[in-house]
Amino acid sequence: MKIELKHLDDLALGSVFLATGGGGDPYVPRLIAEQAIKQFGPVEVIDPSELNDDAYVVAIGSVGAPTVSLELLPSVEDAANTLAAFEKHVGKTVDAVASFEIGGGNSLIPLVAAVGRGLPVIDGDGMGRALPEAQMMSYAIAGVKPTPALAYDYAGNIATFSTNSTEVYERHIRSLAMAAGGMITTAEHPMTGRELKDSIIPGTLLFSIKLGQTLRENRGLATEMLAPLQALFKDSIYGECRLIYTGKVIDKATRIVGGYDIGEATIESFDSSDSPLSVSIKNEYLLARKGEKVVTSVPDLIVIVDYETSTPINAERLRYGQRVAVFAVGCPQFYRSEEALKVVSPRCFGFDFDYVALEDI
């Protein structure tokens, strides 16, 4: 399949839903992708199985605090320049580009990097959602090393990385993002086609387009959106989809700590008949609870949408007074494995409880 101009709105909309509040605002990356496709033509998307085992693939996207992306806007050249500089750094030609998360902005940036070179983009990503840290990628969990990696900032400065662990890489890349104003573009987790097939969460790019189409065609009250969403998710890698709360945002506070957006939002039911819902944020929506009762938690997906239109709302755009609905969606099975939960369970984010799958709550 080729991603054309007509797919971009649905891709941006669907990927914001899967991004669980993170992944960066897609507005500017969508405009950049539109310009790139107008200039170079549609973007080829291939299934991971179509890739040769000895192919050379690299993941490309933005790293930083999503709040900064509303002010430090990406340029048209950032993604392509990052890819070109990476190839020069490693002395190899890349055969395909992958996403490291199916986030709003980060689902579009790989398209921009690939289209000018005529490279395919892999249908899939390294998270199946958005998560804040590099060691939480499926690539890293499956053993793919993050380096050699390269970062490109808004002023065209380049930094390269060679680290002995993903945890060290995460600290270093996050520090650079902070030093560079809060947001950078990176090329990282280079891997062979075989390694990608063994580590990627497959199918998420094209699924995002279907999801965006569903949201657009059924645009309206979130309560009426539940049935079409459940029909779509039921046969996907995600499975369960629930509407867990409706109400008004009565408090929301985040601040940038260590290169992440950290904070919490509180939502009160419209008629005040239900306990308020608290949603914890670290770039993404991580935990929803009423008082001490956990309603759902990472790595399952928490999605906040506008109540009247069902349009998903990124965490950096969530505001006091907004009327919203909150959906919970199961995560890909990969993230329920013992190895994955070592780095993405609620305890990894400082919460004092074990993960319980959405279907068991």
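Which element gives the most to the lining of the second largest pocket? The answer comes below, after a few words on the model.

## About the model

This is a predicted model, in which local features need pLDDT of at least 70 and side-chain atom pairs count only at pLDDT 80 or more, while totals for chains, interfaces and linings use all residues. Residues are numbered from 1 along each chain as its sequence is written, and side-chain values use heavy atoms, with hydrogens and water left out.

## The second largest pocket

It is α1 (5-18) that gives the most to this lining, with four residues. Helices (H or I, at least four residues) and strands (E, at least two) are DSSP runs, numbered from the N terminus. Both α1 and α2 supply at least two residues of the lining.

A pocket is an open set of points on a 1 Å grid over the protein atoms alone, with protein on both sides within 12 Å along at least five of seven lines; a cavity is a set where a 1.4 Å probe fits but cannot get out, and lining residues have an atom within 4 Å of a point. The second largest pocket has a volume of about 260 Å³, the volume being the space filled by probe spheres set on the points, which are joined across faces, edges and corners. Of its 13 lining residues, L13, V16, P26, Y27 and T311 are the closest to its centre.

## The largest pocket

The largest pocket has a volume of about 490 Å³. It is lined by 41 residues, and S62, V63, G64, N106 and M183 are the closest to its centre. At least two lining residues come from each of α2, β3 (56-64), α6 (166-179) and β8 (183-192).

## The cavity

The structure holds one cavity of 30 Å³ or more, and the largest cavity has a volume of about 90 Å³. Among the residues that line it are P29, I32, S62, D78 and T185. Two or more lining residues come from each of α2 (27-40), α3 (78-90) and α4 (109-115).

## A closer look at α2

The 14 residues of α2 should span 20 Å at 1.5 Å a residue, and its end C-alpha atoms are 20 Å apart, which agrees; the expected span is 1.5 Å times one less than the number of residues.

In α2, V28, P29, R30, I32, A33, A36 and I37 are buried (under 20% relative accessible area with a 1.4 Å probe, protein chains only). These buried residues pack against β1 (2-3), α1, β2 (43-46) and α4, where contact means heavy atoms within 4.5 Å. After α2 comes G41, whose phi is positive, near 100°.

Terms used: Buried < 20%, exposed > 50% of the residue type's maximum accessible area, 1.4 Å probe, protein only.
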